[in-house]
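Subject: Structure for your files

Hello,

Here is the structure I said I would send. My notes on what was found follow below.

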Amino acid sequence: MEQIRSAYLDEKLDMVRKVDFLQYRSPDLPTWCPGCGYFGIVDALYRACRELALKQEDIVTVSGIGCSGRTPIFINSYGFHTLHGRSIPVATGLKLAREDLTVFAVAGDGDALGIGGGHLPHVARKNINITFLLFDNSIYGLTKGQSSSTTPYEMRTSSHPVGNPDTPLNPIKLALAYGASFVARGYAGNPQGLKEIIKEGILHQGFSFIQILTPCVTFDKENRTWKNLKENVCDLNIRIDDKNMETAMRAAENEPYGCGIFFQDKQRPHYQEILRHLNRDD
């Protein structure tokens, strides 16, 4: 039995080496909790980069604070683990300084929509050409399970033991209202589908906002669990020719577990194109 198991593992390792699956993974082992959805998110990100043949030296991942803040450590490229809520402005500065780079900004729901919430409207209205990944588990995981900006009403947490009194934010509606030119939602439990959404976000010329539904297996045993997500996550009910703002807003309101692209404006110029136009020689 041991020989069979060893041969199987050797075969799988050879397959992994041949397809260079580990090309974008750093030597540092992830330190997230066993069963965390973030493993599926970074797997999807690795696959997207590989299928688009992105050079590692041309990738920068910028994070804030929280469990998602560790993401740049686990990617074999350039990275910046910055301040709480500040992944978007730092990523913006990088892209403006080096337009040739593929820049990812990553943040959790607390990091992005709490202390960092003031940056989202401005990166969206400017249409900065970066890809923003919102790791949304609806809770503060790193600091022991407090309520976050997307925690459901009445959910019991360590900061609200009798129930959360606050109305949760809707990330997709926010991104749409702020004018993001690419708005999508993916699911950590479907790395293949999430990979395709991330690829579309990378290829989009402008600000790409991708909310990613994921559980916190340590501090949320009732709401956003793997079981509940598996039962509820589905493909977004929007036809390709129906992706307009009104339809997207309606879907954001009525399909909390729908995954796919809500809205995309391919005609809108991104920020550096606008700057070149304004500074052109007449």
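Gly-85, Arg-86, Ser-87, Ile-88, Ala-107, Asp-111, Ala-112, Gly-116, His-119 and Phe-132 line the largest cavity. Please keep in mind that this is a predicted model. Two helices, helix 3 (87-97) and helix 4 (109-115), each give at least two residues to that lining. Sorted by class, the lining of the largest cavity consists of 4 nonpolar, 4 polar and 2 charged residues. The volume of the largest cavity is about 50 Å³, and a search of the whole structure turns up 1 cavity of 30 Å³ or more.

Next, the cores. Phe-132, which lines the cavity, also belongs to the largest nonpolar core, a set of 31 residues. Within that core, the members touching the most others are Ile-130, Phe-132, Val-183, Phe-207, Phe-209 and Phe-262. Leaving aside residues up to four places away in sequence, Phe-207 is in contact with Phe-132 and Ile-130, and also with Leu-120, Val-123, Ala-124, Asn-127, Ile-128, Asn-129, Ala-180, Ser-181 and Phe-182. Phe-182 is itself part of a second, separate core of 30 residues, which also includes Trp-32, Tyr-46 and Val-106.

Last, the cysteines. There are 0 disulfides in the structure. For Cys-234, the closest cysteine sulfur is that of Cys-259, 7.2 Å away, so the two are too far apart for a bond; a disulfide needs sulfur atoms within 2.5 Å. Cys-234 is partly exposed at 38% relative accessible area, whereas Cys-259 is buried at 13%.

Regards

Methods. Residues numbered from 1 in each chain as written. Predicted model: local features only at pLDDT ≥ 70, side-chain atom pairs only at ≥ 80, totals over all residues. Heavy atoms only, no water. Core = buried A, V, L, I, M, F, W, Y, C linked by side-chain atoms within 4.5 Å. Buried < 20%, exposed > 50% of the residue type's maximum accessible area, 1.4 Å probe, protein only. Contact = heavy atoms within 4.5 Å. 1 Å grid on protein atoms, 1.4 Å probe; cavity = no way out; pocket = protein on both sides within 12 Å on 5 of 7 lines; lining within 4 Å. Points joined across faces, edges and corners; volume = space filled by probe spheres on them. Helix = DSSP H or I, 4+ residues; strand = E, 2+ residues; numbered from the N terminus. Nonpolar A, V, L, I, M, F, W, Y, C, P; charged D, E, K, R; others polar.
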